[in-house]
Amino acid sequence: MKLVLDASAAVTCVLRTSSARRLDALLAEADALVVPDLFVAEVTNAIWKCRVFGSLDPAVCEAALDDVLQLPTEIVPSAGLAIEVYHAARTTRCTAYDLFYAILARRLSVPLLTLDQKLRRYCNSAGIEIVA
């Protein structure tokens with residue numbers, strides 16, 4: 001099974017939070033993980049925040065970043081998704097950043113793995129399959 005993986009789910013996995021075990025099982029079932037290219041910036045920023053505001057050890061953060069960058073098997077340019085994301089963002093309370101993952105999942109006709117509740121609600125209303 002191919003999945004689109006969002007940054008929040010990826011960071012949850014590599015930082016071993018309470019939801020990580022459940023996500024690990026879903027990731028193990030996936031044959032391929034696809035992300036928009038903004039994934040790299042988003043996970044880097046999230047892990048940086050964990051270091052600066054969460055006081056995580058720098059070595060733990062660097063290892064987590066290395067681990068998360070090993071996850072995707074395909075990185076899709078976000079430029080080709082931007083217009084559709086913009087239109088979706090105008091009609092929902094989700095951020096454009098989050099919608100890149102949903103629109104990519106819709107375009108590829110594959111499920112989206114996310115923990116984000118707003119994004120899950122949008123996907124449910126838009127007919128985009130989600131897992132988590």
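Phe53 is exposed, with a relative accessible area of 64%, a value over the 50% cut-off. Keep in mind as you look at this residue that the model is predicted. Phe53 has an aromatic partner, Trp48. Trp48 counts as partly exposed because its relative accessible area is 45%, which lies between the cut-offs of 20% and 50%.

How do the two rings sit relative to each other? A pair of aromatic rings is described by the distance of the centres and the angle of the planes. For Trp48 and Phe53 the centres are 5.9 Å apart and the planes make an angle of 80 degrees, so the pair is edge-to-face, given that this label needs over 60 degrees. The structure holds 1 aromatic pair.

Val40, Leu69 and Ile75 make a nonpolar patch of about 220 Å². You can find Leu69 in helix 4, which covers residues 58–69. With 36% relative accessibility, Leu69 is partly exposed.

Now turn to the inside. In soluble globular proteins, nonpolar side chains tend to be buried together. Here the largest nonpolar core has 45 residues, and the members that touch the most others are Leu5, Phe39, Leu112, Leu113 and Tyr122. Helix 6, residues 96–108, gives the most to this core, with 7 residues.

Finally, how confident is the predictor? The mean pLDDT of the protein is 91, and 96% of its residues reach 70 or more. Confidence is highest in helix 6, at a mean of 97, and lowest in helix 2 (residues 20–29), where the mean is 77. Helix 6 is also the helix that gives the most to the core.

How values were computed
Residues numbered from 1 in each chain as written. Heavy atoms only, no water. Core = buried A, V, L, I, M, F, W, Y, C linked by side-chain atoms within 4.5 Å. Buried < 20%, exposed > 50% of the residue type's maximum accessible area, 1.4 Å probe, protein only. Helix = DSSP H or I, 4+ residues; strand = E, 2+ residues; numbered from the N terminus. pLDDT = per-residue confidence, 0-100. Patch = residues over 30% accessible without salt bridge, like charges linked within 9 Å, V, L, I, M, F, W, Y side chains within 5 Å. Areas by Shrake-Rupley, 256 points an atom, 1.4 Å probe, with all protein chains shown as cover. Salt bridge = Lys/Arg side-chain N within 4 Å of Asp/Glu carboxyl O. Phe/Tyr/Trp six-rings, centres within 6.5 Å; stacked < 30°, edge-to-face > 60°.
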